[in-house]
Amino acid sequence: LAALFQTREVRQAISVAIDRQTLIDLCYEGLAAPTNGGPALVSPEYHEASAWKYAQYDPKMANELLDKAGYTEKDTEGFRKWNDGSGETISFLIDIYFTGGARDAAEMTVKYLADVGLKCTLNVMDSALYNERAAANESQAQWEYGGHKLMNFFVPEWIYTAETPGR
């Protein structure tokens, strides 16, 4: 999985595959901005252009980026396969412990990613196990959010360096 998530086009594709504004409207009562996972407006590291880069909802672009990254083959369900010739479907777990709007947003995100051929499943757990898995680098991906972030689960390096055997 590390190779997948370390591919720039894959990260960009995941970003534009998600309709942030719909998530915000339905899950967060409209109380957020549909930016990417960069520093908040109040942060000294805030950068206007970076905050909005690849934050638009564009599933066509997501598909084009995944194709460009070499993940063109699909299984019979429409999920993308690894580009190593194994014939295996790309699949990963997203650890989550949140409830309410955050859980709803995560469930919707799984559907958005499926729409562009990425198969993922929420792995629901309590916060202690979630933090333990993060500290031990045992998560494939994690759902994180904060007041200014919506999809930062694939921004920090330590979140997507876990490896699946053979990947």
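Two residues are said to be in contact, or to touch, when heavy atoms of each lie within 4.5 Å. The structure described here is a predicted model, in which local features need a pLDDT of at least 70 and side-chain atom pairs count only at pLDDT 80 or more, while totals for chains, interfaces and linings use all residues. Residues are numbered from 1 along each chain as its sequence is written, and side-chain values use heavy atoms, with hydrogens and water left out.

## Overall layout

Helices (H or I, at least four residues) and strands (E, at least two) are taken as DSSP runs and numbered from the N terminus. Counted in this way, the protein chain has 7 helices and 3 strands, and from the N terminus on its elements follow the order α-α-α-α-α-β-α-β-α-β. A residue is called buried when its relative accessible area is under 20%, exposed when it is over 50%, and partly exposed in between, using a 1.4 Å probe and protein chains only. Of the 167 residues in the protein chain, 44% are buried. Among the contacts with a separation of 6 or more, 63% are between residues 24 or more positions apart.

## The nonpolar core

A nonpolar core is a set of buried Ala, Val, Leu, Ile, Met, Phe, Trp, Tyr and Cys residues joined through side-chain atoms within 4.5 Å. The largest such core has 36 residues, and those with the most contacts inside it are L4, F92, L113 and W143. At least two residues of this core come from each of α1 (2–5), α2 (8–16), α3 (20–27), α5 (59–68), β1 (91–96), α6 (100–115) and β2 (119–124), and the largest share, 7 residues, is supplied by α6. Leaving aside residues up to four places away in sequence, L4 touches V10, Y71, W82 and I90.

Another residue to look at is A62, which is found in helix α5 and is buried, with a relative accessible area of 0%. When residues up to four places away in sequence are not counted, A62 touches A13, V16, A17 and V116. The loop between α2 and α3 holds I18, which also counts as buried at 0% relative accessibility. The table gives one C-alpha distance for each of these two residues.

| Residue pair | Apart in sequence | C-alpha to C-alpha |
|---|---|---|
| A62 and I14 | 48 residues | 6.7 Å |
| I18 and Y54 | 36 residues | 10.0 Å |

## One side of helix α3

In α3, the residues R20, L23, I24 and C27 are buried. They cover an arc of only 100 degrees around the axis, and therefore lie on the same side of α3; the arc is that of the directions from the helix axis to the C-beta atoms. The cover over the buried residues of α3 includes α2 and α6. Just after α3, E29 takes a positive phi of about 55 degrees.

## The sheet and its helices

Strands of a sheet pair through backbone hydrogen bonds, either parallel or antiparallel. Here two strands are taken to pair if DSSP finds at least two bridges between them. The model has an open sheet of 3 strands in the order β2-β1-β3, with parallel pairing. Both β2 and β3 (141–142) stand at the edges with a single partner strand each, so one side of each is left without a neighbour in the sheet. The parallel strands β1 and β3 are joined by 2 bridges, and D95 has Q142 in β3 as its bridge partner.

Helix α6 packs on the sheet, where it touches β1 and β2, and its direction makes about 160 degrees with that of β2. Helix α7 (residues 127–135) also packs on the sheet, touching β1, β2 and β3, and its direction makes about 125 degrees with that of β1. For these angles, axes are lines fitted to C-alpha atoms, for helices over the stretch in contact, and the angles run from 0 to 180 degrees between N-to-C directions.

## A cluster of rings

Rings of Phe, Tyr and Trp (its six-membered ring) pair if their centres lie within 6.5 Å, and planes under 30 degrees apart count as stacked, over 60 as edge-to-face and the rest as tilted. The whole structure contains 6 aromatic pairs. One of them joins Y97 and F98, which are stacked at 4.3 Å centre to centre with 25 degrees between the planes. Y97 is partly exposed, with a relative accessible area of 28%, whereas F98 counts as buried at 12%. The rings of F98 and Y130 have centres 6.5 Å apart and planes at 70 degrees, so this pair is edge-to-face. Because F98 lies in the loop between β1 and α6 and Y130 in helix α7, the pair ties together parts that are 32 residues apart in sequence. Y130 is buried, with a relative accessible area of 0%, and ring pairs link Y97, F98 and Y130 into a cluster.
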